[in-house]
Amino acid sequence: MSAKKSTTVVIGGRVYTLSGFEDEDYLQRIATYINSKIDEFTKVDSYRKANADQRALVLELNIADDYFKMKEKATDLETQVSQKDKELYDLKHQLITNQVDKEDMSEREEALQKENQELKAIKEKLEASLADALLGPVSDDDEDADSSDKKKK
């Protein structure tokens with residue numbers, strides 16, 4: 001745990017010594033914020049005319065208002081981040097699913113191409129067999145015999 005620190009700040013023209021575990025810079029930023037709120041309200045005539053308790057209450061209410069608005073905004077942002085995280089998770093899941101589907105389709109395409117080649121080879125054999133069955137086998141000897149027959153005639 002950090003050591004307790006003391007820091008001197010000026011708030012509303014008065015010097016205060018603040019003690020805590022926060023950095024001096026952080027405590028100075030808080031003092032600056034409070035001073036900016038005091039400056040903001042000092043410009044309002046009704047604030048200047050109010051007694052010290054009423055001015056303190058106005059400051060306290062406005063600082064509390066800022067706090068709750070920022071807290072609500074932080075909650076909204078956390079909700080948005082949560083939704084974006086879920087969307088991102090869903091998109092990653094969809095991407096992985098699509099990649100798996102693509103791999104499956106590529107494998108299926110390869111198998112179908114191989115099957116298509118095999119079927120073409122079978123078709124060629126069947127066409128050759130059909131031609132042999134209808135026309136008889138064609139060989140070089142038959143061609144030579146046909147040409148010598150033609151020469152005789």
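1. Start with Lys-37. Setting aside residues up to four places away in sequence, Lys-37 touches Leu-59, Asn-62, Ile-63 and Asp-66, where contact means heavy atoms within 4.5 Å. Lys-37 sits in helix α1 (helices are DSSP runs of H or I with at least four residues, strands are runs of E with at least two, and both are numbered from the N terminus). Lys-37 counts as buried, at 8% relative accessibility. The scale here is under 20% relative accessible area for buried, over 50% for exposed and partly exposed in between, with a 1.4 Å probe and protein chains only. Lys-37 is also part of a network of salt bridges with Glu-40 and Asp-66; a salt bridge needs a side-chain nitrogen of Lys or Arg within 4 Å of a carboxyl oxygen of Asp or Glu.

2. A word on where this comes from. The model is predicted, so local features need pLDDT of at least 70 and side-chain atom pairs count only at pLDDT 80 or more, while totals for chains, interfaces and linings use all residues. Residues are numbered from 1 along each chain as its sequence is written, and side-chain values use heavy atoms, with hydrogens and water left out.

3. Tyr-33 is another residue of helix α1, which covers residues 24-42. What does Tyr-33 contact beyond its neighbours within four places in sequence? Ile-63 and Asp-66. Tyr-33 and Ile-63 are 30 residues apart along the chain, and their C-alpha atoms are separated by 9.3 Å. Tyr-33 is partly exposed, at 33% relative accessibility.

4. Now the overall layout. You have four helices and two strands, running β-β-α-α-α-α from the N terminus on. Of the 153 residues, 8% count as buried. Among contacts between residues at least 6 apart in sequence, 18% join residues at least 24 apart.

5. Val-10 belongs to strand β1 and is partly exposed, with a relative accessible area of 44%. Not counting residues up to four places away in sequence, Val-10 touches Val-15, Ala-31 and Asn-35.

6. On charge pairing in general, side chains of opposite charge can pair when their charged atoms come close. The whole structure gives nine salt bridges. One of them joins Asp-23 and Lys-5, with the closest N and O atoms 3.0 Å apart. Asp-23 is in the loop between β2 (14-20) and α1, and Lys-5 is in strand β1 (residues 5-11), so this pair ties together parts 18 residues apart in sequence. Both ends are partly exposed: Asp-23 at 48% relative accessibility and Lys-5 at 30%.

7. Arg-48 and Asp-45 meet in a salt bridge at 3.0 Å, N to O; they are three residues apart in helix α2 (residues 45-49), about one helical turn. Arg-48 is partly exposed at 44% relative accessibility, and Asp-45 is partly exposed at 39%. Lys-86 bridges to Asp-90, again with 3.0 Å between the closest N and O atoms. That pair lies in helix α3, four residues apart, which is about one turn of the helix. Lys-86 is exposed at 52% relative accessibility, whereas Asp-90 is partly exposed at 34%.

8. What gathers in the patch of negative charge on the surface? Asp-101, Glu-103, Asp-104, Glu-107, Glu-109 and Glu-110. Asp-101 is in helix α3 (residues 52-135) and is partly exposed, with a relative accessible area of 36%. Patches take residues with over 30% relative accessible area and no salt bridge, joining like charges within 9 Å and nonpolar side chains (Val, Leu, Ile, Met, Phe, Trp, Tyr) within 5 Å. Lys and Arg count as positive and Asp and Glu as negative, with His and the chain ends not counted; each charge is placed at NZ of Lys, CZ of Arg, CG of Asp or CD of Glu.

9. Last, the nonpolar side. Leu-119, Ile-122 and Leu-126 make a nonpolar surface patch of about 300 Å². Leu-126 lies in helix α3 and is exposed, with a relative accessible area of 56%.

Technical notes
Accessible areas come from the Shrake-Rupley method with a 1.4 Å probe; for residues, only the protein chains shown count as cover.
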